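Please look through the sequence and the model below before reading on.

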Amino acid sequence: MKLKERVVVGILSTLVFLTVVLVLNIEVVQVSQNGGGSPSSLGFLENLVAPDARSGAMVAFRKRVLQKSLNGSREASDPKSGAGAQPPVLGSPIDPVTNEIASVDPVVAEDFGDLVNLLVVKGAVDRKLRPVKFTKKKKPNPTVSEVLGFKARKNATSFERFHLGISRMEMYKEPDSIVDKLLHDMTTDEIVHMEQKDGGTQLKLMIDYASGGQAMMKPMRFPRDRETLPDHFYFTDFERHNAEIAAFHLDRALGFRRTPPVVGRLLNITTEIYAFAKGELLKTFFVSPAGNLCFHGKCSYYCDTSHAICGHPDMLEGSFAVFLPPKNVVPRKPWRHPWRRSYHKRKKAQWEWDDSYCEVVKETPPYDMGRRLLDLVDMAIFDFLMGNMDRHHYETFLVFGTNDTFPIHLDNGRAFGKANHDEVSILAPLVQCCQVRQSTLITLLRFHQGENKLSKVMWKSLNEDPLKPILLEPHLLALDRRIGIILRTVRECVQEASRTELVIVDDGV
Ligand SMILES: Nc1ncnc2c1ncn2[C@@H]1O[C@H](COP(=O)(O)OP(=O)(O)OP(=O)(O)O)[C@@H](O)[C@H]1O
Ligand SMILES: [Mn+2]
């Protein structure tokens, strides 16, 4: 080799060597930065693990309660689960011959006679879970009409009657003919105006009816069998119109009556939306390559051409939730949910790592006395049954005072996203506080031990909706399985408590 060639080879090898050193160095720096100071790759990875997958406080509980169920965490072992993996199963989950729901899940077959016994010993129910004579005085339950001194006009609409009938203990009575009329009116009344509603992250339309009534409409975005994408966090999941409808029926079936009535309706995009659209919303309408009329509106999530809402060719399904009374007449107070998630892809909330979190909550008003802590456990049960992880805030009606009234179960659009996955972290308030309202436990036991499983009751109830079927069979069956998981959790709490009364609480609600 000539001197010139040697020099060139020398320079090239030095360059290669320097590049290798540089690249290695950058990697080490990145690892140590992401790993919070530790240069181990484990530290780096740990920060990238989804918060729910490593929530310390819930891990032991998950193992204990779900181990016994073959299906507790099917999603993890079933590579097919996830978006679109569920075969669409339409129609009734009830066998027309036996009139029973076929289920193989062990937790559905499990007997919770021990919990029934506890309630019998407490004097709350008889062996068939029928209520024993009331010993406690019923709580006063004034309505908006009574508190504000408003009387319904003779020809008042179902919307007005509903507003006036909201009471301290519940959104509506049971049975309530006003609710039936309201559901009917929301699907049939003429729509005279519509505009995009601000607030929240996804597209919603505020609907005005000829009668003067108002509803909040969430449009259908996907077919019923489309599940939450496996890599989507709860806060990036799409809102589902059928979840809003199903949540109303579930809340009512559980006897809570804390969700405003919601019903489905098929809309004509051209005559019932486009015809009223103005300004910014109007600019988002277009005809898709398939010839369907589409729009996407303006909002912070999924309001763009690639996530447009399209008619077929111009018919569109939507959920219609009755609008609550105007805030200047019946004001509401927003509350931050103590078991709120972090809404950050790499952060955890305190309750996710602190097992004694409930002790802190219990000392903080309004959770230190009265009904509210038990209300949060009710809400956790409601959310767990439908897989809703998106409960960041809740509201109460201020006309009934600050504390002694129910929390409104509003905004359930991110529920019913994964039929084969039971997200037990939603049960954190129950797991960490080990308290449940007696009336709620009785309701759950009636569904579980009795003839009328929740899936069956829900299927019948949802069959009343114009957009039936609202829930596909796997979501209905999940309800029965999840009731079993809740009951196992209560059993664990009772076994660890010194007295049953500390776990099963009768607060007269
Ligand atoms: N039926 C209703 N009547 C009156 N106000 C309502 C009704 N539904 C929702 N709202 C109000 O609008 C706000 C936004 O609604 P909602 O939470 O359903 O939308 P969202 O887009 O899902 O919001 P987010 O993204 O914050 O979860 C609520 O916080 C509530 O104050
Ligand atoms: Mn929402």
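## Ligand site

An oxygen atom of ligand 1 is placed 2.6 Å from an N or O atom in the side chain of Glu239. The protein covers 86% of the 610 Å² of accessible area that ligand 1 has on its own, where accessible areas come from the Shrake-Rupley method with a 1.4 Å probe and, for residues, only the protein chains shown count as cover. This is a predicted model, in which local features need pLDDT of at least 70 and side-chain atom pairs count only at pLDDT 80 or more, while totals for chains, interfaces and linings use all residues. Residues are numbered from 1 along each chain as its sequence is written, chains are lettered from A and ligands numbered from 1 in the order in which they are written, and side-chain values use heavy atoms, with hydrogens and water left out.

The table lists distances from an oxygen atom of ligand 1 to an N or O atom in a side chain; a polar contact is a pair of N or O atoms within 3.5 Å, and within protein one must be able to donate a hydrogen and the other to accept it, with residues adjacent in sequence counting only if both atoms are side-chain atoms.

| Ligand atom | Side chain and distance |
|---|---|
| Oxygen of ligand 1 | Lys204, 2.8 Å |
| Oxygen of ligand 1 | Lys218, 2.9 Å |
| Oxygen of ligand 1 | Glu239, 2.6 Å |

Of the 17 residues around ligand 1, Thr201, Lys204, Glu239, Glu395 and Asp411 come nearest, a residue being near a molecule or strand if one of its heavy atoms lies within 4 Å of it. By class, this shell has 5 nonpolar, 4 polar and 8 charged residues. Which domains supply at least three residues each to the shell around ligand 1? They are domain 1 (57–132 + 327–505) and domain 2 (144–322), with bounds that come from an automatic or database domain assignment.

## Strands

Strand β3 (residues 214–219) has 5 of its 6 residues buried, which here means under 20% relative accessible area, with exposed meaning over 50% and partly exposed in between (1.4 Å probe, protein chains only). Helices (H or I, at least four residues) and strands (E, at least two) are DSSP runs, numbered from the N terminus, and two strands pair if DSSP finds at least two bridges between them. Strand β2 (residues 205–209) pairs with β3 in the antiparallel sense over 4 bridges, and β3 also pairs in the antiparallel sense with strand β8 (residues 315–322), over 5 bridges. Met217 in β3 stands opposite Leu205, and Met217 also stands opposite Phe320 in β8. The hairpin of β2 and β3 has 4 residues between the strands, and Gly212 in the turn has a positive phi of about 100°.

## Loops and buried residues

Glu170 lies in the loop between α8 (158–165) and α9 (177–188), and Glu170 counts as buried because its relative accessibility is 13%. The side chain of Glu170 makes a polar contact with that of Arg257 at 3.1 Å. Phe416, in the loop between β10 (393–397) and α16 (428–433), has a positive phi near 50° although it is a residue other than glycine, and Phe416 is buried, with a relative accessible area of 4%. The peptide bond joining His312 and Pro313 is cis, with omega about -20°, and Pro313 lies in the loop between β7 and β8.

How values were computed:
Ala, Val, Leu, Ile, Met, Phe, Trp, Tyr, Cys and Pro count as nonpolar, Asp, Glu, Lys and Arg as charged, and the others, Gly among them, as polar.
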